[in-house]
Amino acid sequence: MNKRKWIITGTALALIVLFGLIILTTFNFQSNREDVLEDLTTNEPEEIIFQNSSDMSESDIRMLVEEKRITLKEFFENAKYYNISEISSEYTKEDDEDYIVVDEEFLNEFRMLVTEDVYGNYWDELIEITPDSDVLLNSRVYRGPKNLFDSIASESAISLYNVNEEILILESATNDKIVAMENIKLCPEDTEICSRNDFYRLILEKEEDTWKIAEFKEKVE
């Protein structure tokens, strides 16, 4: 093979290799791009189609769930707690850091809003204490761990802190049970990025012909 043919053959092989490298680079770039797009997905749940087999309309169900949720939220917003050192001289100021005190009026109202199972979880954490004789109270009082209600205020469907947007998502309903989620968001103004975008299970169940909240703290991942 003469020199001219060697040059032509070498050039052709170089072009083939170069073309292969271009194809391989393009494929790798496209794969990386798809990976980046996948990483940008959010934790938004898939679209939920509300399944309603109850005798109520969707609008009535939504109104009922929101009413119960807001009532429970306002209950905790306005709840009155006592310092244990002001109730009983058996406890000191240091004990105020360990215990929270609620009265029977608080418990009775809470019990009307939630199911017996939910109420029982908190009741089991309480111990009755005896107030000093000069403490004027009209009902019995109970002490519990200082953080007994902390998760309700910060991590639940009725979050009081770090939230400026709440969205109710209905999932299913029968005549005895309603299943929903509450989307708790914190979205600062002048930005499209929310620093909080959490979902919490919100369930209502009928107890003795009264709708009560059966779940509001379970986080949906």
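View 1. Strand E2, which covers residues 99–103, is mostly covered, with four of its five residues buried. In this predicted model, strand E2 is joined by five bridges to strand E4 (residues 141–145), and the two run antiparallel. Within this pairing, valine 101 stands opposite arginine 143 of E4.

**View 2. The open sheet of five strands.** The strands follow the order E1-E5-E6-E7-E8 with mixed pairing. Strand E1 (51–52) and strand E8 (210–215) stand at the edges, and because each has a single partner strand, one side of each is left without a neighbour in the sheet. Strand E5 (residues 165–173) and strand E6 (residues 177–186) are linked by eight bridges in the antiparallel sense, and alanine 173 stands opposite isoleucine 178 in E6. Helix H2 (residues 58–77) packs on the sheet, where it touches E1, E5, E6, strand E7 (196–207) and E8, and its direction makes about 130° with that of E5.

View 3. Glutamate 66 forms a salt bridge with arginine 69, with the closest N and O atoms 3.2 Å apart, and arginine 69 counts as buried because its relative accessibility is 3%, under the cut-off of 20%.

**View 4. The salt bridge of glutamate 116 and arginine 111.** Their side chains meet at 3.0 Å, N to O, and glutamate 116 is partly exposed, with a relative accessible area of 34%, while arginine 111, at 38% relative accessibility, also counts as partly exposed.

Definitions and conventions: Residues numbered from 1 in each chain as written. Predicted model: local features only at pLDDT ≥ 70, side-chain atom pairs only at ≥ 80, totals over all residues. Heavy atoms only, no water. Buried < 20%, exposed > 50% of the residue type's maximum accessible area, 1.4 Å probe, protein only. Pairing = 2+ DSSP bridges. Contact = heavy atoms within 4.5 Å. Axes fitted to C-alpha atoms, helices over the stretch in contact; angles between N-to-C directions. Salt bridge = Lys/Arg side-chain N within 4 Å of Asp/Glu carboxyl O.
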